[in-house]
Each structure stands twice: as structure tokens, then as C-alpha cells.
Amino acid sequence: MKIQIFDDHTDLAFDVADMLCRQIARKPDSVICFAAGTTPLSAYNIFTTLVETDAVDCRHITLIGLDEWVGIPPENTGSCAWFLRRTLIKPLNLSADRFRLFDGMSVDLDSECALMDEYVSGCGGIDLMVVGIGMNGHIGFNEPGGSPVLRSHVTPLNDVTSTVGQKYFTEKTELTKGITLGLGHLQDAANVILMASGENKARIMRETLEGEISIDVPASIVRKHRNSHVLMDQAAASLLSRRD
Ligand code: PGA
């Protein structure tokens, strides 16, 4: 695991955008899993601008959406699908055969999980996962106390996730379940980028990096990954005992 601390969120976002460009330059047909959320938004915006200005060829990448709220349709602006379409799929002009998002409205969520797992295997696995961290340490909807080895699955949402998740929606929304890639996918991904930004992530970053590696703090599993990269701004790193 490599840890980097940046002066502020913008510096962090530029670095992640640059890492994405380098990944694609190195492997034009990269399979990249992207998280939705507030944390990666600036990095994605910088990335899509760099793609345009530096003519990075994204025609052969495959984009995989990390997770989705169950019961929320893709046209809802709070859905992960809406976020990923607006920030990445549309600006990168990805054709339908170059991405897969979970359908949180599926009447058969188990099949939806199986289809995603088949898709990931069919792509030859994930080259890079770009993820954030929840206030409770979740990655995607891999909630505290879940499984470190599961692949795609449906899970009840932790109270923290349902409450904090309201920030993505324009009106109060019932959030009870999520569908998500699993930590099994994360462990198998060739590279992982975990981003954390802001003072409100400081406590969970300390637990993630300095507490025990435990499924009670799902993100702590990145410490076992052979090629994980944790990028934080100063605010998110502010409670770490060592910052050098
Ligand atoms: P955020 O979400 O980037 O909006 O803080 C992170 C998460 O819950 O995984």
C-alpha cells in the first residue's frame, strides 16, 4: 500500500486524474471500476478534460459501476447510474458495449449480481478500482460486518449509509438496500485507488489505516492489497498519528 497526502482536494483530484490517464496510456483496453460520490467528482471532471485536451484514447476502456441503490431508477439524479453517465460515460462518449452499471430496479437482483460477475470475468478482471470511503468505512456497499470475499451481492444498508446517502437526493428517499461489487473483486483487482477528502473522513481514515484490519472497517482491507494507493487531503489525514 502506498499512501499520499495532498495539500487540498484539488491537488488530490489532479493526481487521480493523472493516474487514470497513465493507466489508459499503459493499457488502452483497461477495465476500470468507478465509484460514484462526492469525493471522486473533481477527479473525474479533470480526467475527462485531460482526455479531451491530451487526446487520451478511451475508446477501448471498459467502465464498471461500483454500486447502486436498490429501488432507485437510473433517471433519479441521486442514483449512481445517473452520476456515472453524466460525469464519465457521456463525456468519454462510451458506447453501450463499453460499460456496465448495476440495475437497481431489476426484479431479479440475484441474476443482476450473477450477470455483473460474469461481465467482470468476461473482461478478464478489473485493472483498476477507483473508490471512496463511507463515514462507516464502507467501500461501495460493502458495509461493516459484511464479507471480505464476496463478489457482487445485495445488502441491507447500515443506518449511517442510509442517512448520509440522503445528500445525493433532492428529496427524502428511502434507502434500505444496495447492490455492489464485493471486496472479493477489490482483492482481485490489479490496482486500487482509495480517495478520501475532508475533515469528516479523518476519524474513519485513522481507523482504516491505523486500526486493525477487520471487516468492521471494510476499507482496512486495502492494506492487504498488493497494489493499493491511498490518496487523502490534509483534512482527511488530520487524525493520523504519522503524516510524514
Ligand atoms: P462520498 O461517498 O464520496 O460522497 O463521501 C463515499 C462513500 O460513501 O463511499
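1. In this predicted model, the largest nonpolar core has 70 residues, and Phe 47 and Leu 181 touch the most other members. Helix α1 (residues 9–26) supplies the largest share of this core, with 8 residues. As background, nonpolar side chains in soluble globular proteins tend to be buried together.

2. Phe 47 deserves a look of its own. Beyond its neighbours within four places in sequence, Phe 47 is in contact with Ala 17, Leu 20, Cys 21, Ile 24, Cys 58, Leu 88 and Leu 92. There is also a second, separate core of 7 residues, and among them are Trp 69, Cys 80, Phe 141 and Phe 169.

3. Strand β10 (residues 228–233) is mostly covered, with 6 of its 6 residues buried.

4. Strand β10 has parallel partners. Strand β1 (residues 2–6) is joined to β10 by 5 bridges, and Ile 3 stands opposite Val 230. Strand β9 (residues 191–196) also pairs with β10 in the parallel sense, over 5 bridges; here Val 192 stands opposite Ser 228.

5. The residues around the ligand include Gly 37, Thr 39, Ile 133, Gly 134, Tyr 168 and Lys 201. Thr 38 has a backbone N or O atom 2.9 Å from an oxygen atom of the ligand. In the side chain of His 138, an N or O atom is 2.7 Å from a ligand oxygen atom. For a polar side-chain atom of Lys 167, the distance to an oxygen atom of the ligand is 2.8 Å. Taken alone, the ligand exposes 280 Å², and the protein buries 86% of that.

Note on methods
Residues are numbered from 1 along each chain as its sequence is written. This is a predicted model: local features need pLDDT of at least 70, side-chain atom pairs count only at pLDDT 80 or more; totals for chains, interfaces and linings use all residues. Side-chain values use heavy atoms; hydrogens and water are left out. A nonpolar core is a set of buried Ala, Val, Leu, Ile, Met, Phe, Trp, Tyr and Cys residues joined through side-chain atoms within 4.5 Å. Buried means under 20% relative accessible area, exposed over 50%, partly exposed in between (1.4 Å probe, protein chains only). Helices (H or I, at least four residues) and strands (E, at least two) are DSSP runs, numbered from the N terminus. Contact means heavy atoms within 4.5 Å. A residue is near a molecule or strand if one of its heavy atoms lies within 4 Å of it. A polar contact is a pair of N or O atoms within 3.5 Å; within protein, one must be able to donate a hydrogen and the other to accept it, and residues adjacent in sequence count only if both atoms are side-chain atoms. Accessible areas come from the Shrake-Rupley method with a 1.4 Å probe; for residues, only the protein chains shown count as cover. Two strands pair if DSSP finds at least two bridges between them.
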